Amino acid sequence: HPPPVATDKEEQKRLLENRPDQPQNPKVLRIAIIGAPNAGKSTLSNQLLGRKVFPVSKKVHTTRCKARGVITHEDTQLIILDTPGLTNPLKAKRHNLEEAMLTDPWDSMKHADLVLVLVDVSDHWTRNSLSKEVLKCLSQFPHIPSVLVLNKVDILKKKYLLLEIVTDLTEGIVNGKKLQVKSAFKQDSSSSAKSPLQITRASPPESKVPGSPCGQEKNQAGKALDKSSDVGDAGTGEAQGPKRYGPEDLKDMKGWPHFREIFMLAALRGEEVDTLKRYLLMQAKPGPWEFHSGVLTNQSPQEVCDNIIREKVLEYLPLEVPYGVTQVTDIWEEGECGELLIVQSLLVPRESHKRMLIGRGGKVISRIAREAGQDLMNAFLCDVHLKLKVELK
């Protein structure tokens, strides 16, 4: 089982400063998870970690800082760099986001050994192309191996669309080989995230035998598969590594032709997350651990608490209101039986915001306190008594 987050600031600090208790031949992998805001990066991170330490909500920009999550399994340590959604300066200004939100995702790419690109396939507006920010990110770090992760596959009613989505997002090429997609559908496909596509890497295009059975499927998959035959050195495998792409190249690209693998999962329900986790553990390379095995995240207990309360405030308040809430922790102490007592004040700029946050008969604020309390028990593995007060700034 994953370790809990320490409830005491000093204890967590000690854990973080402790020399890693690594085995004789340690392995390590640093993973950056990037994607558009709200693709499910934090949900996936929490599922991989096995405990909730990153805030999650349907509102954009819930993750506002770069926190680390640590998975220690036998001789291997995976370090997850949960990044804010890749956004552009214009949107950042509109949401009043800190400068860090624009630079952090790039920073975490610099430290990564592998990048997971997460795409929400339930969003029909965005699912058939990678955002310009994501493409820009990949093209600046083409030497870092990247893996495509299709999320929320369970919500997609028409599973056959996955074929088209995969083709668009990979430009028809995975791991240097043309995609051959065999549809493996049963009419009663009841399982949601079990991969309904059997994707096999074809041999490089030139060695294709005329009249081979896969030829027809390729045509049915549409022209998207054909147009990728002229992508750089893709046909020659990894030998030369991906070329650098300039802004001109990126203009016409919808996908990235250098993904090593494709995973399909439903992070919220935890479906197929283990398959991805096993793959990540296998990708780790020999190297020293960064953290003691008792560390689950590098955040302080207060940060975990603030983030989780903020997540609920974002979830239950209308649009711009939550972004104006300031959190102040008044009490943080351990009770006689080891339970944690937390009293936090939520400061709002307007009387109307205060009414909204409290809700009729105190319904909203007590729901926030109840749900945040549950999440904190899961993170700290102890009883938590959380009291929230709402005050005007």
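Predicted model: local features only at pLDDT ≥ 70, side-chain atom pairs only at ≥ 80, totals over all residues.

Reader: Why are helix 2 and helix 9 called roughly perpendicular to each other?

Author: The axes of helix 2 (residues 41-49) and helix 9 (residues 273-283) cross at roughly 75° and come within 10 Å. Angles of 65 to 115 degrees count as roughly perpendicular, and the two helices are therefore given that label.

Reader: Which residues make the contact of helix 2 and helix 9, and how does the contact divide by class?

Author: Helix 2 contributes Leu 44, Gln 47 and Leu 48, while helix 9 contributes Val 273, Leu 276, Lys 277 and Leu 280. By class, this contact has 5 nonpolar, 1 polar and 1 charged residues.

Reader: What makes helix 11 and helix 12 oblique to each other?

Author: Helix 11 (residues 351-358) and helix 12 (residues 363-380) pack at about 60°, their axes being 4 Å apart. Roughly parallel needs an angle under 35 degrees, roughly perpendicular one of 65 to 115 and roughly antiparallel one over 145, with the rest counted as oblique, and helix 11 and helix 12 are therefore oblique. Met 356, Leu 357 and Ile 358 of helix 11 meet Lys 363, Val 364, Ile 365 and Ile 368 of helix 12, a contact that divides into 6 nonpolar, no polar and 1 charged residues.

Reader: How do you know that Lys 152 and Asp 120 meet in a salt bridge?

Author: The N to O value for their side chains is 3.2 Å, and the cut-off for a salt bridge is within 4 Å. Lys 152 lies in the loop between strand 5 (146-151) and helix 6 (161-170) and Asp 120 in strand 4 (residues 114-120), so the pair ties together parts that are 32 residues apart in sequence. Across the whole structure, a search finds 11 salt bridges.

Reader: For the salt bridge of Lys 254 and Asp 168, why is Lys 254 called partly exposed, and what makes Asp 168 buried?

Author: The pair meets at 3.7 Å, N to O, and links Lys 254, in the loop between helix 8 (247-251) and strand 9 (259-264), with Asp 168 in helix 6, 86 residues apart. Buried means under 20% relative accessible area and exposed over 50%, with partly exposed in between. Lys 254 has 33%, so that residue is partly exposed, whereas Asp 168 has 11% and is therefore buried.

Reader: How many aromatic pairs does the structure hold, and why is the pair of Phe 263 and Tyr 279 called tilted?

Author: The structure holds 2 aromatic pairs. The ring planes of Phe 263 and Tyr 279 stand at 55° and their centres are 5.0 Å apart; planes under 30 degrees apart count as stacked, over 60 as edge-to-face and the rest as tilted, so this pair is tilted. Phe 263 is in strand 9 and Tyr 279 in helix 9, 16 residues apart.

Reader: What makes the pair of Trp 332 and Phe 380 edge-to-face?

Author: Their planes are at 85°, with the centres 6.1 Å apart, and planes over 60 degrees apart count as edge-to-face. Trp 332 is in strand 11 (residues 326-334) and Phe 380 in helix 12, 48 residues apart.

Key
Residues numbered from 1 in each chain as written. Heavy atoms only, no water. Axes fitted to C-alpha atoms, helices over the stretch in contact; angles between N-to-C directions. Contact = heavy atoms within 4.5 Å. Nonpolar A, V, L, I, M, F, W, Y, C, P; charged D, E, K, R; others polar. Buried < 20%, exposed > 50% of the residue type's maximum accessible area, 1.4 Å probe, protein only. Phe/Tyr/Trp six-rings, centres within 6.5 Å; stacked < 30°, edge-to-face > 60°.
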